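I have one model to show today, and I will keep it short. Please look at the screen.

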Amino acid sequence: MQKQDRLKKRAAFAYVYRKGERASAHNLLLLSAKSREGLKIGLSVTKKVGNAVTRNRVKRLLREAIGKIRPRIDEGYMYVLVAYPELATDSFEEVCAAVENAFSKAGKLVGEEQ
RNA sequence: CGAGUUAGCCAGACGGUCGCAUGAAAUAUUGAGGAAAGUCCGAGCAUCAUAGGGCAAGGGUGCCGGGUAACUCCCGGUGAAGGUGACUUCAAGGACAGUGCAACAGAAAACAACCGCCCGCAAGGGUAAGGAUGGAAACGUGAGGUAAGAGCUCACGCGCAAAUUGGCGACAAGGCGCGGUGUAAACCCCACUCGAUGCAAGAACGGAGGCAAAAAAGUGGCCCGCAAGCCUCCCAUUCGCUUGAGUCGUGCAGAAAUGUACGACCUAGAUAGAUGGCCGUCAAAUACAGAACUCGGCUUACAGACUAUCUCGCACA
RNA sequence: AGGAAUGUAGCUCAGUCGGUUAGAGCACCACCCUGAUAAGGUGGGGGUCAGUGGUUCGAGUCCACCCAUUCCUA
């Protein structure tokens with residue numbers, strides 16, 4: 001997951017939360033909204049998930065999982081991934097599956113049948 | 001062998017591979033902790049403010065000596081409390097400077113006197129042995145003494161404690177003498193000490209607006225003093241930001257904390273915020289937990305492993 | 001990251017300078033009233049004072065540590 005692909009501004013997050021389409025999978029929620037600047041992905045891991053160590057771990061797993069399917073994601077959108085507390089106990093494989101499933105449900109994977 | 005005590009130490013290692021941060025760049029280098037935590041103390045640094053003095057108010061600390069940049073921290077000792085013991089714990093100055101408080105119960109909770117005892121016809125006076133209460137009752141027990149009694153006297157005991165001796169000192173030994181309720185994490189007294197705010201401090205570059213120029217804007221709570229430039233907003237680029245009371249090793253000084261000399265080393269610096277995924281080997285890799293200006297402590301959380309010290313109990317020699 | 005505040009009954013809050021058995025309103029339960037309900041009346045239950053330790057004869061109150069929640073600062 002490249003640095004320029006990240007969603008940073010608070011205003012952008014707020015826009016996606018307000019306008020975005022929602023798609024949930026397992027312990028994840030994916031929000032997506034049209035983007036002018038190409039692909040942007042933000043991660044939201046709240047304090048409910050755990051302490052600083054577990055939150056960092058969840059974010060790393062999500063970045064790793066996104067990096068795997070990065071070429072297949074539709075580039076015209078901004079995305080925000082919200083993690084639920086149960087995600088903290090999942091293994092890497094489960095996280096990968098959840099991320100892929102979420103994007104698939106939202107219809108944002110290129111070269112795949114709906 | 002069992003149960004304990006104290007001190008120290010580690011906080012996975014190595015290899016492969018795909019990524020992340022640093023970096024001009026590379027197949028290179030480095031890359032979270034013992035607590036990075038809580039934010040409870042002490043400093044550096046910055047601003048208030050260009051430099052400085054005094055006063056008031058308020059806060060902190062509180063046995064002694066040493067260590068330290070400094071501390072409420074550390075080391076060693078003293079005293080007190082706990083433990084069979086090794087050892088552990090302690091906000092540990094002052095209650096004859098003054099004031100307050102001590103509910104209920106009780107005669108009375110601090111300038112004692114209800115019942116009682118004694119003297120006396122009575123009025124009144126003397127007295128505190130005995131009395132229920134209470135956390136605490138005006139030194140305790142016994143004897144002498146007396147009208148009845150009382151440290152009034154004596155013995156033993158408890159508390160305070162002068163001279164003298166030892167110690168740098170706290171203090172210890174000592175005991176002339178004294179007879180004293182408890183509470184200062186109640187106000188307070190004494191001694192020492194502290195300006196406030198915090199890197200979201202603040203500085204530079206750029207843009208917009210406003211105030212003031214000597215009867216002077218402004219200026220930390222006040223006074224003195226200082227004072228010609230100052231204030232507000234926007235942007236969030238750069239600096240602050242990592243070489244520091246630094247780390248490691250050896251020698252020396254010291255009982256220790258620690259200091260010092262020499263040599264070697266440079267060891268995170270992100271900014272929506274870098275350490276992760278997979279595989280292999282080691283019996284196993286698992287606890288608490290993620291740097292955000294930087295140090296020194298304290299406190300709290302914590303799987304497992306190792307080393308040494310001493311104590312007690314049992315058995316055997 | 002830095003700074004500050006608050007935890008008392010199911011809910012919202014009192015509790016002064018440490019003192020006997022921690023109160024109030026709403027809610028809850030029972031009874032009265034009504035043909036029945038509401039309102040009203042009478043009575044009752046319910047608290048580890050967030051937690052741990054200390055000071056004191058005695059702590060919701062004082063002190064230290066600690067947990068949770070909330071707010072402020074770009």
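I will cover a pair of helices and then a pocket.

This is a predicted model, with local features needing pLDDT of at least 70, side-chain atom pairs counting only at pLDDT 80 or more, and totals for linings using all residues. Residues are numbered from 1 along each chain as its sequence is written.

Start with helix α2, residues 52-69, and helix α3, residues 92-106: their axes come within 9 Å and cross at roughly 55°. The axes are lines fitted to C-alpha atoms over the stretch in contact, with angles from 0 to 180 degrees between N-to-C directions. Helices are DSSP runs of H or I, at least four residues.

Contact here means heavy atoms within 4.5 Å. On α2 the residues include L61, L62 and I69, and on α3 they include F92 and F103. The contact divides into 10 nonpolar, no polar and 3 charged residues.

Now the largest pocket. What lines it? Among the lining residues are R6, K8, Y15, E37 and M78. The lining divides into 4 nonpolar, 1 polar and 7 charged. A pocket is an open set of points on a 1 Å grid where a 1.4 Å probe fits, with protein on both sides within 12 Å along at least five of seven lines; lining residues have an atom within 4 Å of a point.

Terms used. Chains lettered and ligands numbered in written order. Heavy atoms only, no water. Helix = DSSP H or I, 4+ residues; strand = E, 2+ residues; numbered from the N terminus. Nonpolar A, V, L, I, M, F, W, Y, C, P; charged D, E, K, R; others polar.
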